[in-house]
Amino acid sequence: MWVIRDVLTLAVVFLVLLFGVVMHVIVWIIEKISGSRPTKLISGYVRGGMKLAWLMTGAKATVIGTENIPTDRAALFVGNHRSLLDVILAGSLIPVPVGFIAKIELEKIPLLGFLMTDIDCLFLDRTDNRQALKVILRAIELMKEGHSMFVFPEGTRSKTEGEFLPFHAGSFKIATKPKAPIVPVTIVGMGDVLEDHFPKIKAARVVIEFGAPIETDSLSRDEQKELSERVRNLMMETYARNKELI
């Protein structure tokens, strides 16, 4: 049974990406004619594709705190990272356009790179500090323009469920420079869906919580320095609490 589900899930993802090329062309045409990118159109398509892909996995998500998602201003979403599916679940639930900061290798994947670029994803080369700084600065610009961003400050996926890697403090400048709120996004149990038995997809239960926004506009310099650890500790507490819901 799981083989059929895996094949169907991959087929759906492929079709979403394939039709994404058509959407990419449509976006290009509209942008050329109007002079502005139809962000809501392409973001809506990608979000719908994520919803469909998550549905196909058969996994069940308990969703907490969607009322904490700002819809009237840009926010930096900060998530713990355990699975390839983290982006699909979180992205399917955020009702506003949001770009993800991702590893540079994803930009080179056929079809996927088009869609990610269209929704203002930024690609980070972890081996090149200068390039990484440019990505952070571009993310800050997008936030100032009113476009929300999503970052996994651990920088890579944790290999152990429940283990939080150190958060890179530089990621939080994306929020503190434009004085935007930070929304912690804590995901529990995602490893049981895929990573713990890759490539098999298991219809496991997970919990995702969008925490109350953390305002950054009045933080002192010392508070900004402690921000990454503060958010990490808060998310670890949320993880421990929500683990009981699975």
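Me: Where does serine 43 sit?
Reply: Serine 43 lies in helix H2. Keep in mind that this is a predicted model.

Me: Is serine 43 buried or exposed?
Reply: Buried: the relative accessible area of serine 43 is 6%, and anything under 20% counts as buried.

Me: What is serine 43 in contact with, leaving aside its neighbours within four places in sequence?
Reply: With those neighbours set aside, serine 43 has contacts to Pro97 and Ile119.

Me: Back to the helix. How do H2 and H3 cross?
Reply: H2 covers residues 39-57 and H3 covers residues 86-93; their axes come within 8 Å and cross at roughly 125°. That angle makes H2 oblique to H3. The crossing is left-handed.

Me: Which residues make the contact?
Reply: H2 contributes Arg47, Met50, Lys51, Ala53 and Trp54. From H3 come Val87, Ile88, Leu89, Gly91 and Ser92.

Me: How many of the residues in that contact of H2 with H3 are nonpolar, polar or charged?
Reply: Six are nonpolar, two are polar and two are charged.

Me: New topic, the sheet. What is the order of the strands?
Reply: The sheet is open and has seven strands, in the order E1-E7-E6-E2-E5-E3-E4. The pairing is mixed.

Me: Which are the edge strands?
Reply: Strand E1 (60-64) and strand E4 (122-124), as each pairs on one side only.

Me: And what does the twist average from one strand to the next?
Reply: The average is 20° from one strand to the next.

Me: How many bridges join E3 to E5?
Reply: Three bridges link strand E3 (residues 98-103) with strand E5 (residues 148-151), and the two run parallel.

Me: Which strands does H8 touch?
Reply: H8 packs on the sheet and touches E1, strand E2 (76-79), strand E6 (182-188) and strand E7 (205-210). The direction of H8 makes about 35° with that of E6.

Me: Last one. Where is glutamate 226?
Reply: Glutamate 226 is in the loop between helix H7 (221-225) and helix H8 (227-242).

Me: Buried or exposed, for glutamate 226?
Reply: Exposed, because the relative accessible area of glutamate 226 is 53% and the cut-off for exposed is over 50%.

Me: How many residues apart in sequence are glutamate 226 and alanine 169?
Reply: They are 57 residues apart in sequence, while in space glutamate 226 and alanine 169 are 8.5 Å apart, C-alpha to C-alpha.

Technical notes. Residues are numbered from 1 along each chain as its sequence is written. This is a predicted model: local features need pLDDT of at least 70, side-chain atom pairs count only at pLDDT 80 or more; totals for chains, interfaces and linings use all residues. Side-chain values use heavy atoms; hydrogens and water are left out. Axes are lines fitted to C-alpha atoms, for helices over the stretch in contact, and angles run from 0 to 180 degrees between N-to-C directions. Helices (H or I, at least four residues) and strands (E, at least two) are DSSP runs, numbered from the N terminus. Angles under 35 degrees count as roughly parallel, over 145 as roughly antiparallel, 65 to 115 as roughly perpendicular and the rest as oblique. A crossing is left-handed if the near helix is turned anticlockwise from the far one by less than a right angle, and right-handed if clockwise. Contact means heavy atoms within 4.5 Å. Ala, Val, Leu, Ile, Met, Phe, Trp, Tyr, Cys and Pro count as nonpolar, Asp, Glu, Lys and Arg as charged, and the others, Gly among them, as polar. Buried means under 20% relative accessible area, exposed over 50%, partly exposed in between (1.4 Å probe, protein chains only). Two strands pair if DSSP finds at least two bridges between them.
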